[in-house]
Amino acid sequence: MAEIAYVRGDATAPQGKGVKLIAHVCNDLGGWGKGFVLALSRRWPGPEAEYRRWHRERAGNDFALGAAQFVRVGSRLWVANMIGQRGTRTGSRGVPVRYEAIDSALDAVGVKALELGASVHMPRIGCGLAGGRWSRVEPLTAARLTARGVEVTVYDHGD
């Protein structure tokens, strides 16, 4: 079984050779404007535009918690928009992160990564503005990706 590699760096500039898939968590409201998504949008307009279209046309597609959308941003580079948080604010129902939705979306990412022969690159998904704990997300990542032989690199942003 592959292990999760942890590195300091920028997940929007994934390291290594071959096809790469950048995975990140989005909310279920169609909002894109804080956190890691800003770094993605500075580099490529496609993931935001596709996410907004996916949300706008949600009556006729699979946009929902647990879904994943794959956007090609380069000849050997893809971004996975994963719907893994309900709303954007902590409230009476707790933090926005939804672990079961991240698990479902990671399953789809694993299938796509194997189809593409890609490695997966991500920040500590669900653990920033979504309020999640890596101790809950890491085992999901291991089960859905590394247990299938998908190489995973997690980026901790250096100062």
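This is a predicted model: local features need pLDDT of at least 70, side-chain atom pairs count only at pLDDT 80 or more; totals for chains, interfaces and linings use all residues.
The largest nonpolar core has 28 residues. Those that touch the most other members are Leu21, Met82, Leu106, Val120, Met122, Ile125 and Leu145. Several elements give two or more residues to this core: strand 2 (20–27), strand 4 (77–85), strand 5 (119–122) and strand 6 (152–156), together with helix 3 (99–116) and helix 4 (134–144). Helix 3 gives the most, with six residues. Apart from this core lies another one, of 13 residues, which includes Trp44, Ala67, Leu77 and Ile83. As a general point, nonpolar side chains in soluble globular proteins tend to be buried together.

Ile125 shows what one member of the largest core touches. Neighbours within four places in sequence aside, Ile125 is in contact with Ala23, His24, Val25, Met82, Ile102, Leu106, Trp134 and Val137. Two of these partners, Met82 and Leu106, are also among the core residues that touch the most other members.

A pair of packed helices is described by the angle between their axes and the distance between the axes. For helix 3 and helix 4 the angle is about 25° and the axes are 9 Å apart. Angles under 35 degrees count as roughly parallel, so helix 3 is roughly parallel to helix 4. Their crossing is right-handed. On the helix 3 side, the residues that meet helix 4 are Tyr99, Ile102, Asp103, Leu106, Asp107 and Gly110. Their counterparts in helix 4 are Arg136, Val137, Leu140, Thr141 and Arg144.

Strand 4 holds Val79. Val79 counts as buried because its relative accessibility is 0%, and buried means under 20%. Residues up to four places away in sequence not counted, Val79 touches Leu21, Ile22, His24, Leu40, Trp44, Pro47, Gln69, Phe70, Val71 and Val73. Val79 and Gly46 are 33 residues apart in sequence, while their C-alpha atoms are 9.1 Å apart in space.

Val73, one of the residues touched by Val79, is found in strand 3 (residues 68–74). Val73 has a relative accessible area of 21% and is therefore partly exposed, since buried means under 20%. With residues up to four places away in sequence left out, Val73 touches Trp44, Pro47, Trp78 and Val79. Trp44 and Pro47 are also touched by Val79.

Another place to look is His55, in helix 2 (residues 46–56). The relative accessible area of His55 is 16%, so this residue is buried. The side chain of His55 reaches the backbone oxygen of Leu29 at 3.2 Å. Apart from neighbours within four places in sequence, His55 is in contact with Asp28, Leu29, Gly30 and Phe63.

Gly31 lies in the loop between strand 2 and helix 1 (36–43). Gly31 counts as partly exposed because its relative accessibility is 35%. Between Gly31 and Glu48 the separation is 17 residues in sequence and 9.5 Å in space, C-alpha to C-alpha.

Notes. Residues are numbered from 1 along each chain as its sequence is written. Side-chain values use heavy atoms; hydrogens and water are left out. Helices (H or I, at least four residues) and strands (E, at least two) are DSSP runs, numbered from the N terminus. Buried means under 20% relative accessible area, exposed over 50%, partly exposed in between (1.4 Å probe, protein chains only). A polar contact is a pair of N or O atoms within 3.5 Å; within protein, one must be able to donate a hydrogen and the other to accept it, and residues adjacent in sequence count only if both atoms are side-chain atoms. Contact means heavy atoms within 4.5 Å. A nonpolar core is a set of buried Ala, Val, Leu, Ile, Met, Phe, Trp, Tyr and Cys residues joined through side-chain atoms within 4.5 Å. Axes are lines fitted to C-alpha atoms, for helices over the stretch in contact, and angles run from 0 to 180 degrees between N-to-C directions. Angles under 35 degrees count as roughly parallel, over 145 as roughly antiparallel, 65 to 115 as roughly perpendicular and the rest as oblique. A crossing is left-handed if the near helix is turned anticlockwise from the far one by less than a right angle, and right-handed if clockwise.
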